[in-house]
Amino acid sequence: MLTAVLFSSCTQKYEQNTYFALDTYIQTNLPVGKHSGLDDYISTFEKKLSKTYEGGELYNLNLGVEQTVSTELYELIERSVQISESTGGAFDVTVGSIMSLWDFKSENAKVPDSESIKNALASSGYGKLKLQNGQIMLNSVSVDLGGIAKGYIAQKCVEYLHGQNINTGFISFGGNIALVGPKTNGEKWNIALKDPLNTDKTVGQLKADSGYISVSGDYERYFELDGKRYHHIIDPQSGMPTDNGIASVMVYSNDGALADALSTALFVMGLEQSLEFYEKNVFDYEAIIITKDRYIYVSDGLEDVFTITSEQYVAA
Ligand code: AMP
Ligand code: MG
């Protein structure tokens with residue numbers, strides 16, 4: 001926990017706290033004194049679901065260490081495989097081998113050579129992963145829950161707070177926001193959507209009082225070389241950062257894991273395929289897609305609650 005700033009909002013005082021976990025700053029805005037235990041609660045999930053947490057469950061799974069996996073890890077991998085299938089592999093929970101070739105944090109980041117990418121592609125593909133009776137058989141792939149775990153944990157946190165009768169506030173996990181409930185005066189929260197092409201600015205505002213919001217953008221983790229941006233949302237077909245004209249995707253759903261996985265998946269699918277996918281009603285969600293040529297696509301269910309505030313963008 002880094003800060004604890006008190007401020008008042010409507011009739012009840014809210015308290016802001018910041019934790020660092022899951023490689024991100026987690027900010028809570030909850031009624032004063034009502035956040036206790038949340039950091040420990042988040043840590044228990046990090047130990048199970050993070051592929052970089054040394055000695056953690058997913059870390060050990062990818063190393064091939066014999067262990068009994070928790071229900072949470074098993075269920076989230078199972079869910080991830082289902083979403084991988086339903087999105088035709090745009091979301092692919094086995095991008096682990098490919099992700100480990102890309103170091104977005106390094107000062108001397110470089111593009112992996114084509115041979116390494118070819119090899120990593122050979123040891124990925126959700127079809128290889130087998131789950132049966134609590135056993136996970138990797139069959140050469142490496143599991144990466146980076147595109148779904150935060151949304152899943154976000155929902156667990158909301159359920160944890162509801163269990164303590166805390167029904168107002170929100171939690172922000174960087175690109176994932178979980179709404180615990182409306183303001184104490186019954187009003188909805190205003191959630192600003194970042195301008196993906198100018199991240200100091202925002203493009204619009206969403207009004208909501210429950211549910212999960214996940215944003216995937218090419219500005220979240222990236223490096224630039226020779227004027228080209230290489231970012232962390234990988235096209236599992238090519239092993240390269242997705243380059244299809246999408247700048248960011250926001251998904252809103254009552255299912256946290258789904259919102260997270262779909263924002264990644266729609267980003268990879270690109271505009272046309274995403275619009276077709278939405279029409280098919282495979283899942284229950286709403287979405288906003290922002291293209292690099294500054295169009296904003298808002299799905300039907302968000303039209304009345306999302307307002308574009310930037311003149312730099314055109315509603316499509
Ligand atoms: P997000 O910011 O939710 O879009 O998730 C991006 C993270 O998900 C990356 O840092 C990877 O860990 C992982 N990832 C990248 N590309 C994919 C993909 N196509 N399918 C599933 N997970 C991915
Ligand atoms: Mg995601």
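Biologist: What are the ground rules here?

Modeller: It's a predicted model, so local features need pLDDT of at least 70 and side-chain atom pairs count only at pLDDT 80 or more, while totals for chains, interfaces and linings use all residues. Residues are numbered from 1 along each chain as its sequence is written, chains are lettered from A and ligands numbered from 1 in the order in which they are written, and side-chain values use heavy atoms, with hydrogens and water left out.

Biologist: Why is aspartate 260 called buried?

Modeller: Buried means under 20% relative accessible area, exposed means over 50%, and partly exposed is in between (1.4 Å probe, protein chains only). Aspartate 260 has a relative accessible area of 5%, so it counts as buried. Threonine 264 comes in at 16%, so buried is the word there too.

Biologist: Where do aspartate 260 and threonine 264 sit?

Modeller: Both are in helix 7 (residues 256-269), four residues apart, which is about one turn of the helix. Helices here are DSSP runs of H or I with at least four residues, strands are runs of E with at least two, and both are numbered from the N terminus.

Biologist: Which residues come nearest to ligand 1?

Modeller: Asp92, Ser216, Arg221, Ile234 and Thr264, out of the 18 residues around ligand 1. To be near, a residue needs a heavy atom within 4 Å of the molecule. An oxygen atom of ligand 1 is 2.8 Å from an N or O atom in the side chain of threonine 264, and for arginine 221 the corresponding distance is 2.6 Å. A polar side-chain atom of glutamate 220 lies 3.2 Å from an oxygen atom of ligand 1.

Biologist: What makes the pairing of histidine 232 with glutamate 220 a polar contact?

Modeller: A polar contact is a pair of N or O atoms within 3.5 Å; within protein, one must be able to donate a hydrogen and the other to accept it, and residues adjacent in sequence count only if both atoms are side-chain atoms. The side chains of histidine 232 and glutamate 220 make theirs at 3.3 Å. Histidine 232 lies in the loop between strand 12 (228-231) and strand 13 (234-235), and at 15% relative accessibility it counts as buried.

Biologist: What else is histidine 232 in contact with?

Modeller: Contact means heavy atoms within 4.5 Å. Leaving aside neighbours within four places in sequence, histidine 232 touches Met99, Phe104, Gly217, Glu220 and Arg221.

Biologist: How do you know that strand 8 and strand 9 pair?

Modeller: Two strands pair if DSSP finds at least two bridges between them. Strand 8 and strand 9 have six, in the antiparallel sense, and leucine 193 stands opposite glycine 204 in strand 9. Strand 9 (residues 202-208) is also joined to strand 18, by three bridges and again antiparallel. There, isoleucine 308 is the bridge partner of glycine 204.

Biologist: Why are strand 8 and strand 18 said to stand at the edges?

Modeller: The open sheet has three strands in the order 8-9-18. Strand 8 (189-194) and strand 18 (306-308) each have a single partner strand, so one side of each lacks a neighbour in the sheet. Strand 8 also has a covered face, Trp189, Ile191 and Leu193, and an uncovered one, Asn190, Ala192 and Lys194.

Biologist: What makes the phi of asparagine 139 stand out?

Modeller: Most residues other than glycine have a negative phi. Phi of asparagine 139 is near 50°, a positive value. Asparagine 139 sits in the loop between strand 5 (135-137) and helix 6 (149-163), and its relative accessible area of 44% makes it partly exposed.

Biologist: Which loop holds arginine 294?

Modeller: The one between strand 16 (286-291) and strand 17 (295-298). Phi of arginine 294 is near 70°, again positive in a residue other than glycine, and at 29% relative accessibility arginine 294 counts as partly exposed.
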